[in-house]
Amino acid sequence: MYATPDVEARLASLEVRLTELEDREAIRNLIASYGPLADGGDATATAALWDPEGVYAVGGFGDNVGRAAIAALIEAPTHRGMMAMGCAHVLSPVQVELSGHTATAIGYSCVFLRRDAVFEVFRVSSNRWELRKSDGQWRVQRRTNRLLDGDEAARALLRREAQDGEYPTGRAR
């Protein structure tokens with residue numbers, strides 16, 4: 001039995017759509033894994049979410065370039081102290097835009113911190129994830145995180161506004 005051109009076209013279309021869904025799911029799983037890895041203190045696995053020269057631009061903490069610098073964030077006394085108190089890095093579902101082997105995801109993150117036996121919101125931020133697929137794996141090229149403290153930079157991330165390829169750095173905290 002031979003496939004007709006119409007059936008071949010429909011199968012090709014389904015294959016493209018399935019690949020897109022698989023890519024979106026892989027990106028969402030990668031982003032969702034950040035919180036448990038960071039809160040579990042696994043600096044190596046957390047940093048492995050990024051390309052080897054990837055950037056994590058954390059509002060108030062500067063740009064951390066490369067896996068060693070990203071791992072150092074998890075190993076730093078600030079983060080280890082938060083883990084000892086009890087913390088949770090919770091990420092919202094993200095809106096994903098695919099463009100071949102690159103993607104952008106926009107969402108929120110919230111860090112909860114335990115103080116006096118009560119969990120409090122410690123930090124709420126907007127996030128822009130820039131990702132690239134290489135050798136069948138999605139990795140973060142850049143994550144930009146800005147505090148939602150009224151500053152325009154955080155809202156610009158949510159609107160996907162960039163000027164000359166760069167997002168505003170926002171105020172340090």
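**Exercise 1. Find which residue in the hairpin of S6 and S7 takes a positive phi.**

Step 1. Strands are DSSP runs of E with at least two residues, and both helices and strands are numbered from the N terminus. Strand S6 covers residues 118-134, and strand S7 covers residues 137-147.
Step 2. The hairpin has 2 residues between its strands. Aspartate 135 takes the positive phi, near 50°.

The model is predicted: local features need pLDDT of at least 70 and side-chain atom pairs pLDDT 80 or more, while totals for chains, interfaces and linings use all residues. Residues are numbered from 1 along each chain as its sequence is written, and side-chain values use heavy atoms, without hydrogens and water.

**Exercise 2. State how S7 is joined to S6 and to S1.**

Step 1. Two strands pair if DSSP finds at least two bridges between them.
Step 2. S6 and S7 run antiparallel and are joined by 10 bridges.
Step 3. Strand S1 (residues 50-58) runs parallel to S7, with 5 bridges.
Step 4. Arginine 143 in S7 is the bridge partner of tryptophan 129, and tyrosine 56 also stands opposite arginine 143.

**Exercise 3. Describe the aromatic pair of tryptophan 50 and tryptophan 129.**

Step 1. Rings of Phe, Tyr and Trp (its six-membered ring) pair if their centres lie within 6.5 Å; planes under 30 degrees apart are stacked, over 60 edge-to-face, and the rest tilted. The count by this rule is 5 aromatic pairs.
Step 2. In this pair the centres are 6.3 Å apart and the planes make 35°, a tilted arrangement.
Step 3. Tryptophan 50 belongs to strand S1 and tryptophan 129 to strand S6, so the pair ties together parts 79 residues apart in sequence.
Step 4. Both tryptophan 50 and tryptophan 129 are buried (under 20% relative accessible area; exposed is over 50%, partly exposed in between; 1.4 Å probe, protein chains only).
Step 5. Tyr34, Trp50, Tyr56 and Trp129 form one aromatic cluster.

**Exercise 4. Decide whether threonine 46 is buried or exposed, and list its contacts.**

Step 1. Threonine 46 sits in helix H2, residues 43-47. Helices are DSSP runs of H or I with at least four residues.
Step 2. Its relative accessibility is 0%, so threonine 46 counts as buried.
Step 3. Contact means heavy atoms within 4.5 Å. Apart from neighbours within four places in sequence, threonine 46 is in contact with Tyr34, Leu37, Ala38 and Ile74.
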